[in-house]
Amino acid sequence: MEEKALLDFLAWGLIFVSPVVHFLLVGGVKAPYGRYQSGSFGPLIGPRKAWFFQELPAVVIPIVLVLNADSRFSLPAKILVGAFLVHYLQRTFIFPFLIRGGKPTPLIIFLMAMSFCLFNGYMQCASLIRYANYTNNRMEEWNFSVGLLIFAFGLRTNIVCDSILRNLRAPGETGYKIPQGDMFKYLTAANLWGEAIEWVGFAIACWSLQSFAFAFFACLYLSGRSYSHHAWYKSKFEDYPSERKIFIPFVI
């Protein structure tokens with residue numbers, strides 16, 4: 001199979017799997033890490049180590065592809081690969097070392113996350129570096145600038161809301177609290193929503209099958225997790241704000 005056909009096959013596979021993952025999560029299957037941690041999925045790995053190594057392929061694979069790029073690697077594609085790397089550099093080299101406490105990740109979940117980062121890092125960046133065929137005029141098209149602005153807003157929301165969650169507990173404190181501020185005013189899992197918005201913006205800027213497949217998966221997977229979080233908060237806190245939505249502000 002030629003590489004371009006392989007990249008298309010991987011994208012369609014991700015699109016096909018996405019609704020299945022969503023309906024499993026909405027149907028009550030919990031992603032067994034964090035507050036839903038389970039010992040049934042193999043030995044446990046410390047949260048910092050797990051986050052660092054599972055996200056690392058999404059940094060290493062694009063860098064290897066960039067170092068081996070040829071003349072097809074245009075300036076617009078460089079900017080888009082750069083945006084992809086900004087997210088994963090933050091998730092690999094900053095986010096894990098800001099974790100306070102945190103619950104271990106089961107080995108099977110860790111391996112699944114690492115495999116996804118490897119596969120998706122390759123799919124996104126190989127398609128941009130070798131097959132996007134952008135000219136510099138691409139940067140003048142509406143979707144390029146609008147998409148990157150949406151990406152930047154999503155990245156900012158994800159980082160800010162992660163920080164709000166980290167700072168809910170004072171040193172030595174245990175238990176859970178209701179997060180307040182920023183997009184948490186409107187959504188239960190504002191940090192997850194921010195990440196989904198990132199990849200929607202990325203897809204608009206790239207305008208490719210591979211980027212749309214990733215955005216589709218991100219929206220369905222993260223909305224499924226948001227549904228689980230929303231149900232959990234409502235069951236745990238009688239005073240949970242009724243106006244907060246699951247995934248779409250003011251709607252649902």
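Predicted model: local features only at pLDDT ≥ 70, side-chain atom pairs only at ≥ 80, totals over all residues.
**Stop one: two pairs of helices**

Select helix α1 (residues 3–26) together with helix α9 (residues 209–236); helices are DSSP runs of H or I with at least four residues, numbered from the N terminus. Two packed helices are described by the angle between their axes and the distance between the axes. For α1 and α9 the angle is about 10 degrees and the axes are 8 Å apart, where axes are lines fitted to C-alpha atoms, for helices over the stretch in contact, and angles run from 0 to 180 degrees between N-to-C directions. The angle makes α1 roughly parallel to α9, a description that covers angles under 35 degrees. The residues of this contact divide into 17 nonpolar, 6 polar and 2 charged. Here Ala, Val, Leu, Ile, Met, Phe, Trp, Tyr, Cys and Pro count as nonpolar, Asp, Glu, Lys and Arg as charged, and the others, Gly among them, as polar.

Next, select α2 and α3, which pack at an angle of about 25 degrees with their axes 5 Å apart, and which are therefore roughly parallel to each other. On the α2 side the contact (heavy atoms within 4.5 Å) is made by Phe 53, Gln 54 and Glu 55, and on the α3 side by Pro 57, Ala 58 and Val 59. These contact residues divide into 4 nonpolar, 1 polar and 1 charged.

Stay with helix α3 (residues 57–67) and colour its buried residues, which are Pro 57, Ala 58, Val 59, Pro 62 and Leu 65; buried means under 20% relative accessible area, exposed over 50%, and partly exposed in between, with a 1.4 Å probe and protein chains only. What covers these buried residues of α3 includes α2 (47–55), α4 and α6.

**Stop two: Thr 92**

Now select Thr 92, which lies in helix α4 (residues 75–93) and is buried, with a relative accessible area of 0%.

Leaving aside neighbours within four places in sequence, Glu 198 is in contact with His 87, Phe 151, Gly 154, Leu 155 and Asn 158. The side chains of Glu 198 and His 87 are joined by a polar contact of 2.8 Å; such a contact is a pair of N or O atoms within 3.5 Å, and within protein one must be able to donate a hydrogen and the other to accept it, while residues adjacent in sequence count only if both atoms are side-chain atoms.

Then select Ser 226, which is found in helix α9 and counts as buried at 0% relative accessibility. Apart from neighbours within four places in sequence, Ser 226 is in contact with Ala 189, Leu 192, Ile 246 and Phe 247.

**Stop four: the cysteines**

A disulfide is a covalent bond between the sulfur atoms of two cysteines. A search of the whole structure finds 0 disulfides, taking a disulfide as a pair of cysteine sulfur atoms within 2.5 Å. Select Cys 125, whose sulfur is 8.9 Å from the closest cysteine sulfur, in Cys 206, too far for a bond. Cys 161 is in no disulfide either, the nearest cysteine sulfur being that of Cys 219, 16 Å away.

**Stop five: two loop residues**

Most residues other than glycine have a negative phi. Select Asn 133, in the loop between α6 (107–131) and α7, which has a positive phi of about 55 degrees although it is not a glycine, and which counts as exposed at 60% relative accessibility. Finally, select Asp 182, in the loop between α7 and α8 (190–206), which is not a glycine but has a positive phi of about 50 degrees; Asp 182 is partly exposed, with a relative accessible area of 29%.

Note on methods:
Residues numbered from 1 in each chain as written. Heavy atoms only, no water. Parallel < 35°, antiparallel > 145°, perpendicular 65-115°, else oblique.
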